[in-house]
Amino acid sequence: MDALTAGVSLILVQLCVAVIMTGVYFATPTEKTTRYWALSGNTMAFGVLLAVLNRSGELPILLICGTTLVIVGLTFQWQGIQSFYKQQPPKWVWHISLIYFVLHMVLLLSFGSAVPRLSILFSSTTLILFGLSLRAIWKGQGRFAGSFVQSLARGAIILLFASQIFKVVISFLQLLGYMSESRSSIEIFVAYQVPLIGTVLFSTGLLLLYFERTIEENHHLATHDELSKLLNRRAIVEIGQREMELSKRLQRQLTLAFIDIDHFKRLNDEFGHDAGDTVIYDISRIFEQSCRNIDVVGRYGGEEFLIVLPGANHVDGCQIGERLLAAVHTYRFRDTYPVTISIGLATFNPDDDEDSSWEQLLHRADDAMYQAKQDGRDRCHA
């Protein structure tokens, strides 16, 4: 493939990426991430167009503007990645583009259209920006570290990174006179085809990263309570039912804790509903910190909570219940107002309750909680 055909192909790919990124932005106009990526796609598309139009080098201003726009586009891309991972961009973020523009002007005025020197400058600058983007992805990948999408994004940017290293090496050899400045087929492939492939893969990777996070957030919203940040009623019931079936199959015990915050209406009447929301949130954190790693905590509704204790027998359930009571005793709303809870426990024993259902276990735990209320509150009843 000749340089002109490869260049046109790169322009078309960049324009397609720009259109796709713009479409994603219009679909989510409040998202800072997609706004940066839309700006990146459009800026780089225009920059590549100007740079390829000046392939002959007759209008240096087009080359300066085109390559600078590509650098600006890569900076937008990096900022979009930082925004996606909620990272704070450094204050010197735009100094890279400014320094590149000044150095390009200096080289042009000092050496004219010296292709190797300009190529080294451009490739070195893009190497820096690709490296910063790769670092941002690696730093922010979190629990999706091993996912296919993360691997795709990292692999694509490493491919782009490698192509720029190759271009720097070739330009140095040309500058030292070891190679001719006329482009071979392999140079055309690395200069145009590899960026084309890398751009498609990396842009696709960024979009898939965004969709992966969106799906995860939607799933979280569907299964978690907005106030307490715990599992909501539907999710905790589904998990409880699954644990019940698993306990029957494995012939192991299971304990369910039904918990209610004492005198919650009085607290709301005295301090307001915002105070009640604060107490629910704080008590939720206490439950999470006081339970075992395998226990599942959820908000059943209002001031009521469910805790599923896999493998816990009657004694284990009572010990965990007492630990929860003690933990809540240390809590004071606004450092002065004491809060207590009532806990009802029900244990499934496969030897005695083989035919028991989740609904029966839940009913028993609910009855035990009301018995704790009748016995004076601030206690655990099993």
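Let's start with Glu217: relative accessibility 37%, so partly exposed. Buried here means under 20% relative accessible area, exposed means over 50%, and partly exposed is in between, with a 1.4 Å probe and protein chains only.

Some ground rules. This is a predicted model, where local features need pLDDT of at least 70, side-chain atom pairs count only at pLDDT 80 or more, and totals for chains, interfaces and linings use all residues. Residues are numbered from 1 along each chain as its sequence is written, and side-chain values use heavy atoms, with hydrogens and water left out.

Back to Glu217. Which residue does Glu217 form a salt bridge with? Arg213, with the closest N and O atoms 3.6 Å apart. A salt bridge is a side-chain nitrogen of Lys or Arg within 4 Å of a carboxyl oxygen of Asp or Glu. Both residues sit in helix 7 (residues 185-223), 4 residues apart, about one turn of the helix. Helices are DSSP runs of H or I, at least four residues, numbered from the N terminus. Arg213 is buried, at 14% relative accessible area. Glu31 joins in too: Glu31, Arg213 and Glu217 are linked in a network of salt bridges.

How many salt bridges does the structure hold? There are 9. Two others for today.

In helix 10 (residues 273-290), Glu288 and Arg285 are 3 residues apart, about one helical turn. Their closest N and O atoms are 2.9 Å apart in the salt bridge. Glu288 is partly exposed at 40% relative accessibility. Arg285 is buried at 16%.

Then Glu243 with Arg252. This salt bridge also has its closest N and O atoms 2.9 Å apart. Here Glu243 is buried, at 15% relative accessibility, and Arg252 is partly exposed, at 27%.

Now, helix packing. Helix 3 (residues 60-84) and helix 5 (residues 115-140) pack at about 10°, with axes 8 Å apart. Axes are lines fitted to C-alpha atoms, for helices over the stretch in contact, and angles run from 0 to 180 degrees between N-to-C directions. So helix 3 is roughly parallel to helix 5, a term for angles under 35 degrees.

Who makes the contact, meaning heavy atoms within 4.5 Å? From helix 3, residues including Leu63, Val70, Leu74 and Trp78. From helix 5, residues including Leu118, Phe122, Leu129 and Phe130. The contact residues divide into 13 nonpolar, 6 polar and no charged. Nonpolar covers Ala, Val, Leu, Ile, Met, Phe, Trp, Tyr, Cys and Pro; charged covers Asp, Glu, Lys and Arg; the others, Gly among them, are polar.

Notes
Helices (H or I, at least four residues) and strands (E, at least two) are DSSP runs, numbered from the N terminus. Angles under 35 degrees count as roughly parallel, over 145 as roughly antiparallel, 65 to 115 as roughly perpendicular and the rest as oblique. Contact means heavy atoms within 4.5 Å.
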